[in-house]
Amino acid sequence: MGKGKKKKSINDGSVVVQVIQKGDVWAKLSMVIMGFANLRRKQIVKGLIFLLIEASFIYYMVQTGVNALKNMITLGTQTQGWVYDEELGIDVLAQGDNSMLLLLYGVLCLFIITAFVLAWRANLKSAMEVQMLEAKGRPVPGFIDDVKIYMDQKFNRTLLTLPMIGVLAFTVLPLAYMILAAFTNYDNAHQPPGNLFTWIGLDNFGTILGSGSTIGKTFWPILAWTIIWAFFATFLNYIGGILLALLINRKSVKFKSLWRTIFVMSIAIPSFVSLLVMRTMLQPDGAVNVLLKSWGLIEESLPFWTNATFARVSVIVVNLWVGVPYTMLITSGILLNIPEELFEAASIDGANAAVMFRKITMPYVVFVTTPYLITQFVGNINNFNIIYLLSGGGPSTLDYYQAGKTDLLVTWLYKLTVNSKDYCYASAIGIIIFVISAVASLLTYRKTSAYNNEEAFQ
Amino acid sequence: MNKTRSMSRHKRMKDIASYVALIVLSIIWLVPIFWVVMTSFREEPGSYTSYFFPKSLTINNYVNLLTDNTQFYFMKWFGNTFFVAVCSCVISTFFVLAVSYTMSRMRFKMRKPLMNIAMILGMFPGFMSMIAVYYILKGLGITQSLLALIMVYSGGAGLGFFVAKGFFDTLPKALDEAALIDGATRLQIFTKITIPLSKPIIVYTVLTSFLGPWMDFIFASVIMGDNYDNYTVALGLFKMLEREFINDYYTQFAAGCVLVSIPIAALFISMQKYYVEGVSGGAVKG
């Protein structure tokens, strides 16, 4: 099972070419009638399965598939509307095409075609296999033997089948649909079934990235704030978490696990609870303002969520409440691993605590946790919960399209989807977020040992 | 002599300073938690009061929350969430273990491509596909049902295999090879050798997937719409904060928050060791 060993088998090269060059009549016939070669060699069950797949595929294509593909190109031509009914003598509502469903069926059809092509190739492969076995005079495995192989050499396929179906149905298919929607004008003015939407190419990206429209004027400030937010949220949490971990790790501090548990509480509580509570506490009449007033520190309530700058600072500060303990939890183990000699040598040389922190602790921790830092940065770009639950993106402004001053790209995406039903813009923004995350992660993840040395410990 | 004394005084000052810092920080960190617990026992209704400490305390908020079913069905929601969490946790755990075992222990042509695809899929924001998922569920005719929630929470679970794969990567491969020589099948290796050795990562996977449904309210609200009967706890509590309910129900909301948070926080705190291993094992190795 060595990694470098490439098994030379019929897996390599194109099966189709092989069948055409070396296949016998039965194998060639399998190209048209799937499972023919298997049936010929008494692999009845396998052959019948292949045949059944082909029959149902043809039935599907004739019944709906061809139409689905055709409709996917046009996305519907018939708008729903009032048509004069001769028999009744009045106008009746005629069902039009539903672009949304047409696109969905089209995507589904493409998936089914792909699946069929894979099945067809498997059929050819199997045909060549039985042919070769017969040529060598070896017994052809029956269905039971085949099943046994799927519990052993091909166990990977058995294990992956169900998870892959799940991922295909609930991740890949919806994602493919939404990615395609980014190239249509599926916005709130083109909502099926009342209206049709159609392909418009890259126009949405032009609208978002250009500065001509309100959407463009919304995108750039939100992108800037998303980056600023991700930067501050990541680095303040990081520094704060390390300092807190150092504080708790001090040799003279007793009850370490008690302190740690107190801070871990803030991660352990579901975020919707703690964030919703924080939002209430920071309202004009909320607990924080009440406390500050009763101490005589302020006269007027502080506008935590109504002033843009206040709101931005508030989300960053509240995020510290969740994020600092998180970093503390993750890094305390790492901090304990810093070789003690480094500190001893430094203190003999007369370094004080601040210098040691800057010159020893930080470089060491940063070196070890760079991948974690990047994951956090990408995570913060997509930090939906904290913004949605705390400020709801507000304070709202008329300068932006469907967004407020603290909205991140993801919360804007959410609002465009749920509030204004501008699915095409939402999808285009999703793709832009993907590009940002992908660039950030690919740059770092591929350099980590978790990716490159996955067999280091085996 | 003098120097050591000044040093020890210096050290004591530092110790005192660190305790003071820890106590102040602990207070800051505990105030919101303390406030919500206090609000859950407050007798006066309403979301805001012009004072910090409640005037009188009561347990009626809890009693009403659990027994009064005119507007909100907390017990039912709790049951729903528990049911969904158990089902999706079983399915997700199986998916994650199956995929991570395959990716870590077996070698096949599509392995690296599949891993890269999984990573790419993970970079799309999850909310992007929300609406399409909704229409797919609608096409299957199961929107507004608990089954739909289970499918959404566990369907894509197979993509989250990186942490568990990182764990399997650390198990010695010699074990598998020895078993193969002794004639064991891959199925037997998986069930008899790998799984028994993987307690930490199984605990981690089970707990993270069990906690998911308790926290999510976005997918739940898109799928459930107005079907109150099938709400989950998070969604129901979120509903209580809507304008028409917030004044009458805020204290009950707080009580609900406390009731949900206790088991979840207890689970998290007890599993934090596994959690740290899980997170840092995959990401922090450098």
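This is a predicted model: local features need pLDDT of at least 70, side-chain atom pairs count only at pLDDT 80 or more; totals for chains, interfaces and linings use all residues.
Student: Why is H7(A) called roughly perpendicular to H6(B)?

Tutor: Look at the crossing angle: the axes of helix H7 (residues 155–181) of chain A and helix H6 (residues 146–155) of chain B cross at roughly 105°. Angles of 65 to 115 degrees count as roughly perpendicular, so H7(A) gets that label against H6(B). The two axes also come within 9 Å.

Student: Which residues make that contact?

Tutor: On H7(A), Gly166(A), Ala169(A) and Phe170(A); on H6(B), Met151(B), Val152(B), Ser154(B) and Gly155(B). They split into 4 nonpolar, 3 polar and no charged.

Student: What is phi of Lys42(A) near?

Tutor: Near 70°, a positive value in a residue other than glycine.

Student: And why is Phe255(A) counted as exposed?

Tutor: Run the check again: Phe255(A) has 11 C-beta neighbours inside 10 Å. The cut-off for exposed is 12 or fewer, so Phe255(A) passes. Phe255(A) sits in the loop between helix H9 (214–249) and helix H10 (256–268) of chain A, and its phi is positive, about 55°, although Phe255(A) is not a glycine.

Student: On to the chains: how many residues of chain B are in contact with chain A?

Tutor: 76 residues of chain B, against 89 residues of chain A. A pair is in contact if the C-beta atoms lie within 7 Å. Helix H13 (residues 243–283) gives the most to chain B's side, with 13 residues. That side of chain B divides into 51 nonpolar, 18 polar and 7 charged.

Student: How many residues of domain 1 of chain A are in contact with domain 2 of chain A?

Tutor: 10 residues of domain 1 of chain A, facing 10 residues of domain 2 of chain A. The domain 1 side divides into 5 nonpolar, 4 polar and 1 charged.

Technical notes:
Residues are numbered from 1 along each chain as its sequence is written. Chains are lettered from A and ligands numbered from 1 in the order in which they are written. Axes are lines fitted to C-alpha atoms, for helices over the stretch in contact, and angles run from 0 to 180 degrees between N-to-C directions. Helices (H or I, at least four residues) and strands (E, at least two) are DSSP runs, numbered from the N terminus. Angles under 35 degrees count as roughly parallel, over 145 as roughly antiparallel, 65 to 115 as roughly perpendicular and the rest as oblique. Two residues are in contact if their C-beta atoms, placed from the backbone, lie within 7 Å. Ala, Val, Leu, Ile, Met, Phe, Trp, Tyr, Cys and Pro count as nonpolar, Asp, Glu, Lys and Arg as charged, and the others, Gly among them, as polar. A residue is buried if 20 or more other C-beta atoms lie within 10 Å of its own, exposed if 12 or fewer, and partly exposed in between; C-beta atoms are placed from the backbone.
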